[in-house]
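Hello,

Here is the structure I promised you. Please open it first, then read my notes below.

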Amino acid sequence: MALDILIAGGGIGGLAAALALQRDGHRVTVCEAAAELKPLGVGINLLPHAVAVLDELGLMPVLASMAVPTSALVFANRHGQTIYEDVRGLAGGYSHPQFSVHRGELQQLLWREAATRLGAERLVSGWRITGAQLDGDEVIAHGVDATGARVARRASVLIAADGIHSAIRRQFHPDEGPPRWNGMMMWRGTSLARPFLDGRTMVQAGHRRAKFVVYPIAPPRPDGLQLINWICDRRLREDGLGGGLTAPGREDWNKPGSIDDLMPTFGGWRFPWLDVPGVIRGATQLLEWPMVDRDPLPRWRHGRITLLGDAAHPMYPIGSNGATQAILDAAATARALRVEGRVETALANYEAARRPMCARIVELNRQEGLDYILDMVEERAPDGFARLEDVIDPAEVDAFVKRYKAVAGHRQATMGEAAPPSPR
């Protein structure tokens with residue numbers, strides 16, 4: 001049965017859901033608060049199981065042309081010495097590549113595809129949904145348009161994909177309060193630089209108090225330079241581990257950062273394969289915001305209204321799970337509505353399939369997720385090592401990585417497997 005589905009939020013999760021639901025014959029409208037969509041932001045990683053969803057939507061050729069197929073995730077100490085290398089994508093036995101890509105460029109791609117497939121009139125920009133109510137077998141979404149006028153729309157289903165500050169989440173959980181902060185501030189930038197290592201590797205270096213993450217997000221240009229994404233994490237408060245602090249006010253989010261704030265910590269981090277302070281000084285943009293999440297919710301669904309992506313399960317940006325889990329939510333929502341004709345039951349099935357896993361990832365990321373590897377080595381060998389085996393058992397690290405990846409839904413293809421299972 002074709003439904004009229006309204007999606008609040010034109011981010012990666014909301015647009016992926018729109019494409020998946022339109023493919024199944026539903027009439028989908030996306031309401032995006034921004035009056036004009038611009039390719040803002042920095043880099044993200046899409047894990048293979050999210051890439052499989054986008055492949056099913058017919059986006060693989062254009063995605064492959066704009067992104068970098070990540071060859072490996074390397075964990076290193078603050079001296080640039082390798083602790084663990086996790087081979088990713090096809091070479092790692094996965095059914096699909098892992099892609100590193102500019103977030104804004106990916107969002108623009110999904111928006112263009114949605115305009116083509118849904119019809120441009122079904123992408124409503126400058127329309128911010130502020131609340132919703134159930135009315136029999138319909139949902140009435142209330143909002144404000146670009147002129148500031150109050151507006152309303154009816155639909156069979158409302159999917160709130162309106163981010164960590166979701167108005168719909170706040171409506172159903174008014175006492176939740178602001179996001180929770182772990183005391184870590186992030187400076188995220190992009191720079192044009194010569195490719196490092198093989199030009200396709202993602203590196204996480206450092207420890208709990210200071211970490212540098214770097215990976216390329218576009219193919220090399222004709223002049224030999226490559227756009228790379230980098231993140232400097234610096235702990236400002238030691239009492240915030242596990243999300244014990246209230247986040248700074250929203251006015252302090254996503255603001256321009258200062259290189260001067262980074263040099264005292266990262267000015268001496270010169271690796272054999274990368275000049276970290278040189279990359280930082282070459283920033284083409286630099287943004288600053290706190291590392292925050294929210295406590296897992298006891299429920300996402302309220303009648304014919306449900307949450308998706310960061311509105312449902314905001315998590316620390318550890319393990320490349322943010323956009324990936326939102327895309328998996330999109331596929332799961334479409335699948336649930338395809339299998340079950342009763343809307344409320346279908347949305348309950350979507351939640352049952354996704355909420356426990358996402359809550360577990362939030363919990364693991366509060367314990368630093370895979371980054372805990374860095375802390376183990378820093379504690380045992382702060383000045384570096386001659387042989388890793390003298391510091392930590394590589395088998396211990398390997399087992400830790402595999403446990404986290406299993407919880408996060410990584411699935412490597414088995415020998416002789418002819419094709420990946422359809423995310424549908």
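**The sheet and the cores**

Cys31 has Val124, in E8, as its bridge partner. Strands here are DSSP runs of E, at least two residues long, and helices are runs of H or I, at least four, all numbered from the N terminus. Two strands pair if DSSP finds at least two bridges between them.

A word on the source: this is a predicted model, where local features need pLDDT of at least 70, side-chain atom pairs count only at pLDDT 80 or more, and totals for chains, interfaces and linings use all residues. Residues are numbered from 1 along each chain as its sequence is written, and side-chain values use heavy atoms, leaving out hydrogens and water.

Strand E2 (residues 27–32) and E8 are parallel, with three bridges. They belong to an open sheet of five parallel strands, ordered E8-E2-E1-E12-E22. Its edge strands are E8 (123–125) and E22 (305–307), each pairing on one side only.

Now the cores. A nonpolar core is a set of buried Ala, Val, Leu, Ile, Met, Phe, Trp, Tyr and Cys residues joined through side-chain atoms within 4.5 Å. Buried means under 20% relative accessible area (1.4 Å probe, protein chains only). The largest core has 71 residues, and Ile7 is one of those with the most contacts inside it. Helix H8 (residues 322–339) gives the largest share, nine residues. Another core lies apart from it, with 66 residues, including Met184 and Phe385.

What does Ile7 touch? Its contacts (heavy atoms within 4.5 Å) include Leu21, Val30 and Cys31, not counting residues up to four places away in sequence.

Best wishes

Note on methods. Buried < 20%, exposed > 50% of the residue type's maximum accessible area, 1.4 Å probe, protein only.
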